[in-house]
Amino acid sequence: MSDAENTAASDEAVREAGTTARRVVGNIGEVIVGNEETIEHLVVALLSRSHVLLEDVPGVGKTMLARAIATSFECEFKRVQFTPDLLPSDITGVNVFDQASREFEFRPGPIFANVVLADEINRAPPKTQAALLEAMEEETVTVDGDTRDVPDPFFVVATQNSVERDRTYELPAAELDRFGMKLSLGYPDEREEQEVLGRVVGDHPIDALDPVATTDELLAARATTAEVTVSEAVRAYVTRLSRYTREHAQLGVSPRGSIALSRAAQGRAVLEGREYVVPDDVQQEAVPTLTHRVRVGRGEGSARDVVDAALAEVPVD
């Protein structure tokens, strides 16, 4: 029996989820010029319940990208500017004593939103970063011993300052591993930059952006993505890719990374309108999903080199 016949996700459900995802990709493109590949990766991460780290120079559209995906799905959006004096309670919220009721009342922080932009996450100290990590990993927030669920859907887009390294805290490998993907927008080319200038004359396009899907449609698309078939052969291929990085780098891809790649491949399959994963889905999502999890020693090239070599040398059975 073929993968397509064996799948738990129906053709109709995948077709609807794929249509929704492609509609959102096009809608974000109304705000972000170029970068269609990056936009697709971001939507794939959203479908596969992953979180994204954007590392780039200031002013290339990272905030607009996060706002655009929230607007496209009618999701609540919150932005947190990470600074050296930011406290965990500034993210999670705090209990405040109500004089009238003589009881403590919880005032939720910005983490209680569907799409959270954690801007320049590496500017905040590790203790504050850890508050965000719990929400990303457990989808819960603990304040004064009380644990609360974050909204569903919940999607974190964190940005990292890649310029002023002397004024930031380096993200440890364990924290990087919790991001499903690491993406970059980069500078636009000459034609794209001219188009950007033409679009922002007057009102910014983000102010006129309309939703093209509902939150319920996003939840349905996520549920469908989780049911997309990943055959034993594809799982074995993902495992071989991860093992290659462990054998050719100082720190290779963890099992969490293998899981993230499998889920991203499911998201890519949905975007392509397929109810089963093929090796090409894995290959398309391997670089943004695996590269930030690899650490190399001096003289060993770059993490991207290791992932590229894995894709070139590991056989597809």
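Two strands are said to pair if DSSP finds at least two bridges between them. Helices (H or I, at least four residues) and strands (E, at least two) are DSSP runs, numbered from the N terminus. The model is predicted: local features need pLDDT of at least 70, side-chain atom pairs count only at pLDDT 80 or more, and totals for chains, interfaces and linings use all residues. Residues are numbered from 1 along each chain as its sequence is written, and side-chain values use heavy atoms, with hydrogens and water left out.

**Figure 1. The open sheet of five strands.** The strands follow the order S2-S5-S8-S1-S9, with parallel pairing. Strand S2 (77–81) and strand S9 (181–183) stand at the edges; each has a single partner strand, so one side of each lacks a neighbour in the sheet. From one strand to the next, the twist averages 20° (axes are lines fitted to C-alpha atoms, for helices over the stretch in contact, and angles run from 0 to 180 degrees between N-to-C directions).

**Figure 2. Strand S1 and its partners.** Strand S1 (residues 52–56) is joined to S9 by three bridges, and the two run parallel. Within this pairing, Leu-54 has Leu-183 of S9 as its bridge partner. S1 also pairs with S8 in the parallel sense, over five bridges, and Val-52 stands opposite Val-157 in S8. Five of the five residues of S1 are buried, where buried means under 20% relative accessible area, exposed over 50%, and partly exposed in between (1.4 Å probe, protein chains only). In a regular strand, side chains alternate between the two faces of the sheet. Both faces of S1 are covered, with Val-52, Leu-54 and Asp-56 on one side and Leu-53 and Glu-55 on the other.

Figure 3. At 1.5 Å a residue, the 13 residues of helix H6 (residues 126–138) should span 18 Å, and the end C-alpha atoms are 18 Å apart, which agrees. The expected span is 1.5 Å times one less than the number of residues in the helix. Buried residues of H6 are Thr-128, Gln-129, Ala-131, Leu-132, Leu-133, Ala-135 and Met-136. The buried residues of H6 pack against helix H5 (88–92), strand S5 (115–119), strand S6 (140–143), strand S8 (155–161) and helix H7 (173–176); contact means heavy atoms within 4.5 Å. Just after H6, Glu-139 adopts a positive phi of about 60°.

**Figure 4. Arg-268 in helix H12.** Arg-268 belongs to helix H12 (residues 255–271). Its relative accessible area is 1%, which means that Arg-268 is buried. Apart from neighbours within four places in sequence, Arg-268 is in contact with Glu-40, His-41, Val-44, Asp-281, Gln-284 and Glu-285.

**Figure 5. Arg-304 in helix H14.** Arg-304 lies in helix H14 (residues 303–313). With a relative accessible area of 42%, Arg-304 is partly exposed. Val-287 and Thr-291 are touched by Arg-304, not counting residues up to four places away in sequence. Arg-304 and Thr-291 are 13 residues apart along the chain, and their C-alpha atoms are separated by 5.5 Å.

**Figure 6. The setting of these views in the chain.** The chain has 14 helices and nine strands. Buried residues make up 50% of its 317 residues. Among contacts between residues at least 6 apart in sequence, 78% join residues at least 24 apart.
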